[in-house]
Amino acid sequence: MTNKIHITTPLTDEIISNLKSGDEVLISGTIYTARDAAHKKLVDSINSGESLPFDIKNAIIYYVGPSPKKPGDVIGSAGPTTSYRMDAYTPTLLDLGLKGMIGKGSRNKSVVESIKKNHAVYFAAIGGAGALISSTIKSSEVIAYEELGPEAVHKLTVENFPAIVVLDSSGNDLYIIEREKYKK
C-alpha cells in the first residue's frame, strides 16, 4: 500500500516542490469550488479591474458543482468535473497566485506551461466517487455567484480529501508517464 502524503492549505512553494506526479495526497484546510461559469465570472472580474471574491494566492480550486444536500448533510455528492473546460481561464488565475486545481482529465499545453511557470500543481479526484469525497468536506459556504446554483463559488473546509498529483510543478504528467510504461 502506498503512503499518502498529508498536505494542508494554503499551498506553499515548499509543499509544491515536494509533490511529484503520481503522489497520492490527503488535503486538509480550505479549498474553493468553481466550474466554467464561475471561472468566466472570475476572469471577467479580473479584466474589469475588480477584486476576486476570495484570496486566490496559494489557494486550491476544486472543479465541482455539488448536488443538493440532504437535510443534516454539509454538502451533496461532490465529484470532480472535467478540467479542460476551465483551461481557457486557468493561466490567468495561475498568474495571480492560484497554486492548485482539482478535477479530472488532461489539461492543455498552455495550462501545463502555466503550471510550470507559476510553480503550481494539478490534482485529480476520482470521478464517480462524489459521495465518498463529500464525506471529507466538513463545511461548505457559498461565497460568490449564488445565482449560478450548484456552480456558485463555495468555500469548503476539507479533512483528508483524497487526490492524486497529475501534473507536478515541473510539468510531469501522470497520464503520459503511465501510458509510456505500457508501450515498453
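Mentor: Start with accessibility: a residue is exposed over 50% relative accessible area, buried under 20%, and partly exposed in between (1.4 Å probe, protein chains only). The model is predicted, so local features need pLDDT of at least 70 and side-chain atom pairs pLDDT 80 or more, while totals for chains, interfaces and linings use all residues. Residues are numbered from 1 along each chain as its sequence is written, and side-chain values use heavy atoms, without hydrogens or water.

Now the pairs. A search of the whole structure gives 9 salt bridges, each a side-chain nitrogen of Lys or Arg within 4 Å of a carboxyl oxygen of Asp or Glu. Take three of them.

One joins Lys 4 and Glu 24, with the closest N and O atoms 3.0 Å apart. Lys 4 sits in the segment before strand 1 (5-8) and Glu 24 in strand 2 (24-33), so the bridge ties together parts 20 residues apart in sequence. Helices (H or I, at least four residues) and strands (E, at least two) are DSSP runs, numbered from the N terminus. Both partners are partly exposed: Glu 24 has a relative accessible area of 24%, and Lys 4 has 35%.

Next, Lys 99 and Asp 13 meet at 3.4 Å, N to O. Lys 99 is in the loop between helix 3 (90-95) and strand 4 (100-103), and Asp 13 is in helix 1 (13-18), so this pair links parts 86 residues apart in sequence. Here the partners fall into separate accessibility classes. Lys 99 is buried at 11%. Asp 13 is partly exposed at 45%.

Then Lys 117 and Asp 95, whose closest N and O atoms lie 3.1 Å apart. Lys 117 belongs to helix 4 (109-117) and Asp 95 to helix 3, so the bridge ties together parts 22 residues apart in sequence. Lys 117 is exposed, at 61%. Asp 95 is partly exposed, at 44%.

Beyond its neighbours within four places in sequence, Ile 115 touches residues including Leu 94, Met 101, Val 121 and Leu 167; contact means heavy atoms within 4.5 Å.

Finish on strand 7, which holds Thr 157. Thr 157 is partly exposed, at 32%. Its side chain makes a polar contact with the side chain of Ser 139 at 2.9 Å. A polar contact is a pair of N or O atoms within 3.5 Å; within protein, one must be able to donate a hydrogen and the other to accept it, and residues adjacent in sequence count only if both atoms are side-chain atoms. Outside four places in sequence, the contacts of Thr 157 also include Gly 29 and Thr 136. From Thr 157 to Gly 22 the C-alpha distance is 24 Å, across 135 residues of sequence.
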